[in-house]
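Subject: Structure handover

Hi,

Here is the structure I promised to pass on to you. My notes follow below it.

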Amino acid sequence: MLLELDDKLLPEILHQRVTLRGKPDEDAVLCTASKTYAIKFVGTSNSVFLIPPSDKVPELCNDKDDDRMVVAPVLKVAPGCMELVESAPKLDGLKLLISQNPYSFSEVSEMNTSEEREKTEMGLYRWEDLINRIQASDEELKSGLQSLAALEIDGYWRILDDNYTFTILNMLLHNVILNDWSISALNEDEVVGVLETDGFPRNIAKHCLQVYCSKVDEGADVSSKWKLDERCVCVCLAREILREGKMKLEIFMEKWIRKFPDGMIASFDMLEGEVLTEKLGIETWVYSFSVSSLPCAPSERFTRLFRERPKWEWKDLQPYVRDLKVPGLSSEAILLKYTRRAQPNSEVEPVFCAR
């Protein structure tokens with residue numbers, strides 16, 4: 001079988017920097033360090049003869065005349081060739097895998113028996129397990145783990161369960177208030193030390209800083225400084241409140257704002273792509289609907305969106321589709337492929353429905 005490559009991919013193949021990934025029941029993909037490629041067969045209408053290299057082709061002379069004729073044996077007739085097409089990584093299965101056994105408070109204490117330890121390790125995956133199950137390049141897989149706020153614990157990639165996540169964040173915010181820390185200059189050593197005193201493992205305390213803060217460059221000679229990421233904190237607190245279910249907007253806002261430390265600015269706009277509102281009579285209600293819970297594949301994403309709402313205004317739809325990436329297709333092309341747009345005039349917000 002022939003494989004057609006462009007100049008950019010040829011060095012990757014020649015230096016063996018690619019891998020084939022996929023389970024027996026999946027179409028295999030080829031991955032470089034940073035990209036994923038679907039493997040497509042392209043048939044040809046004309047026969048393609050495969051012959052040896054020119055330096056190995058024997059030359060035979062025709063005795064009847066002096067013309068020299070090159071004769072080459074045909075090794076094989078190729079009906080077509082394999083072609084590589086850049087594709088989006090298939091990351092939907094990643095969340096399913098690492099959500100099987102999230103890290104919880106019950107694991108903080110040591111396991112006393114091998115049976116308990118073996119039970120705890122069920123549904124856990126190391127890096128090698130993930131690259132054998134997920135069709136994505138190493139860089140894309142790392143990015144997917146980061147988007148899920150996953151961390152490596154004892155060699156396994158884990159996410160924290162909701163109760164653990166909400167508790168450690170609330171404890172961080174409580175300590176910010178209690179110790180009068182600046183939310184723009186949190187001292188890493190001090191924060192991690194206090195969270196350890198509160199019973200959280202050091203690696204998870206550091207992970208909390210990495211997820212809910214952004215690093216402030218203060219040089220290498222001092223302890224790292226971190227600034228609270230207001231949007232990340234706001235989203236997590238909103239998720240915690242909306243676990244109770246749909247509620248009136250004014251009640252939600254009151255509970256939500258009450259959780260913020262002084263100096264932190266919150267806006268409902270920060271929750272785009274995380275919550276939806278709906279009118280019930282004269283009242284506005286809010287409920288959780290996170291883009292992180294939606295499929296990565298565009299066709300499945302739009303199916304889920306239009307099951308939630310048959311019609312979407314652009315201001316509501318945009319946060320749920322802007323992360324979609326299909327190589328070779330622009331955002332406008334993706335919308336055109338999966339939706340119908342209606343806009344009676346330029347002064348009216350466009351509305352999108354299923355195609």
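A disulfide here is a pair of cysteine sulfur atoms within 2.5 Å, and by this rule the count comes to zero. Before the rest, two words on conventions. This is a predicted model, in which local features need pLDDT of at least 70 and side-chain atom pairs count only at pLDDT 80 or more, while totals for chains, interfaces and linings use all residues. Residues are numbered from 1 along each chain as its sequence is written, and side-chain values use heavy atoms, with hydrogens and water left out.

Back to the cysteines. The closest cysteine sulfur to that of Cys208 belongs to Cys213 and is 6.7 Å away, which is too far for a bond. For Cys232 the nearest cysteine sulfur is also in Cys213, at 9.0 Å. Cys208 is buried at 3% relative accessibility, whereas Cys232 is partly exposed at 28% (buried means under 20% relative accessible area, exposed over 50%, partly exposed in between; 1.4 Å probe, protein chains only).

Next, the interior. A nonpolar core is a set of buried Ala, Val, Leu, Ile, Met, Phe, Trp, Tyr and Cys residues joined through side-chain atoms within 4.5 Å. The largest one has 43 residues, and Leu169, Leu186, Ile204, Leu228, Val233, Phe252 and Trp256 have the most contacts inside it. Among the elements that each supply at least two residues of this core are helix H6 (162–178), strand E12 (225–228) and helix H10 (249–258); helices and strands are DSSP runs, of at least four residues (H or I) and at least two (E) respectively, numbered from the N terminus. Another core, of 16 residues, lies apart from it and includes Phe289, Val291, Phe306 and Ile334.

Setting aside residues up to four places away in sequence, Trp256 touches Cys234, Leu237, Ala238, Ile241, Ala266, Ser267, Phe268 and Leu271 (contact means heavy atoms within 4.5 Å).

Ser87, in strand E7 (residues 76–87), is buried at 19% relative accessibility. Leaving out neighbours within four places in sequence, Ser87 is in contact with Thr36, Tyr37, Ala38 and Pro327. Arg322 sits in the loop between helix H12 (314–321) and helix H13 (331–338) and is partly exposed at 42%. Its C-alpha atom is 9.8 Å from that of Gly273, although the two residues are 49 residues apart along the chain.

Happy browsing!
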